[in-house]
Amino acid sequence: MKNLGRNRAFVTLTVADLFETIGTSLFNIILLTYARTFAQANLMVSLVSVATVLPGIFGMLTGRLADSQTNKRGWLAGLKFVQAALYLVLAQLITEKQVGLLLIIIVINLCSDVLGMLSGSLRMPLLQAKVASELQEEALGINQGIGVLMQTIGQALGVSLLAATGDYRLAGYLNAITFLIAGLVLLSGYETLKLPSATVTVTSTFRQLLRQVRQAMEAGVHMNVLALLGSVLFLNAVGASVDALLNLIPDSPGDAVTTFIRSRNSCDEYC
């Protein structure tokens with residue numbers, strides 16, 4: 001633990017991830033509550049829940065895009081400022097209760113979540129390159145533990161903020177600030193995140209990557225990989241859909257918040 005605390009690259013990545021996780025979890029709970037204020041509350045809450053789990057579909061694409069980038073630290077820092085800008089725009093739109101604007105807000109939040117997945121794919125190679133191999137498992141455990149803790153804190157902060165002020169725009173600004181701070185933290189440790197030139201390698205084509213994944217999975221499970229993936233995707237879709245459908249049941253904002261948290265926990269389990 002002490003060695004990791006002295007590793008400036010690890011500290012930079014962890015602190016940036018801390019602020020990013022607070023912002024993401026904070027606004028997801030705010031957006032759900034905002035959706036409950038519409039006349040078509042059940043439908044809007046369902047759309048928000050579906051949009052919350054939808055970014056997982058793009059995991060392969062974001063991972064592939066991250067692998068193809070040689071300047072991972074530059075992309076990682078730049079994405080935080082892009083996300084901050086997205087929430088600044090969102091804060092201007094969330095003042096009016098219009099279905100069209102709500103759909104735009106959901107899309108903006110979805111885009112930010114996808115960019116967050118891309119950030120995670122960019123962060124992992126940096127973490128592996130900057131942390132000694134014997135400390136990498138500990139580093140990943142700390143990083144994941146902080147992420148879970150910050151999700152809980154972010155949700156609590158979002159509910160408390162809304163209860164105290166009732167100002168959805170303030171939530172958007174606060175979210176933009178968290179991403180801005182994350183970006184500044186990454187810039188402050190930018191030099192420590194530089195990858196050695198030896199780690200820059202030529203990646204396989206997308207078709208070659210799929211072939212390698214298929215061969216590895218078939219060798220491990222001794223069955224048709226397409227059938228396996230189809231079964232996993234079906235179970236994942238059923239699990240996510242059930243939670244989305246349950247959002248049609250709640251009659252109070254408190255019940256909706258509970259359902260949302262259950263949906264997030266279910267996504268963590270299946271995704």
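Quick housekeeping. This is a predicted model, where local features need pLDDT of at least 70 and side-chain atom pairs count only at pLDDT 80 or more, while totals for chains, interfaces and linings use all residues. Residues are numbered from 1 along each chain as its sequence is written, and side-chain values use heavy atoms, with hydrogens and water left out.

So what's in the chain? There are 11 helices and zero strands; helices (H or I, at least four residues) and strands (E, at least two) are DSSP runs, numbered from the N terminus. Of the 271 residues, 41% are buried. Buried means under 20% relative accessible area, exposed means over 50%, and partly exposed is in between (1.4 Å probe, protein chains only).

Now, helix packing. Two packed helices are described by the angle between their axes and the distance between the axes. Axes here are lines fitted to C-alpha atoms, for helices over the stretch in contact, and angles run from 0 to 180 degrees between N-to-C directions. Under 35 degrees counts as roughly parallel, over 145 as roughly antiparallel, 65 to 115 as roughly perpendicular, and the rest as oblique.

Take helix 3, residues 41–53, with helix 6. Their axes come within 10 Å and cross at roughly 15°, so the two are roughly parallel to each other. The crossing is right-handed; that's when the near helix is turned clockwise from the far one by less than a right angle, and left-handed is anticlockwise. Who meets whom? From helix 3 we get M44, L47, V48 and A51, and from helix 6 V99, L102, L103, I106 and L110. By class, that contact has nine nonpolar, no polar and no charged residues. For the classes, Ala, Val, Leu, Ile, Met, Phe, Trp, Tyr, Cys and Pro count as nonpolar, Asp, Glu, Lys and Arg as charged, and the others, Gly among them, as polar.

Helix 6, residues 99–130, also packs with helix 4, residues 59–67, at an angle of about 45° with the axes 8 Å apart. That pair is therefore oblique. The contact uses G59, T62, G63, L65 and A66 of helix 4, plus V114, M117, L118, S121 and L122 of helix 6. Here the count is six nonpolar, four polar and no charged residues.

Next up is helix 8, residues 168–188. Its 21 residues reach 31 Å from first C-alpha to last, close to the 30 Å expected at 1.5 Å a residue; the expected span is 1.5 Å times one less than the number of residues. Its buried residues include Y168, N175, F179 and L186. And what do the buried residues of helix 8 pack against? Helix 2 (8–35), helix 5 (72–93), helix 6 and helix 7 (136–165).

With helix 2, the axes of helix 8 come within 9 Å and cross at roughly 165°, so this pair is roughly antiparallel. Helix 2 passes helix 8 in a left-handed crossing, and their contact has 17 nonpolar, eight polar and two charged residues.

Last stop, a loop. E96 sits between helix 5 and helix 6. Buried, exposed or partly exposed? E96 is partly exposed, at a relative accessible area of 42%. Not counting residues up to four places away in sequence, E96 touches Y34 and L101.

Notes:
Contact = heavy atoms within 4.5 Å.
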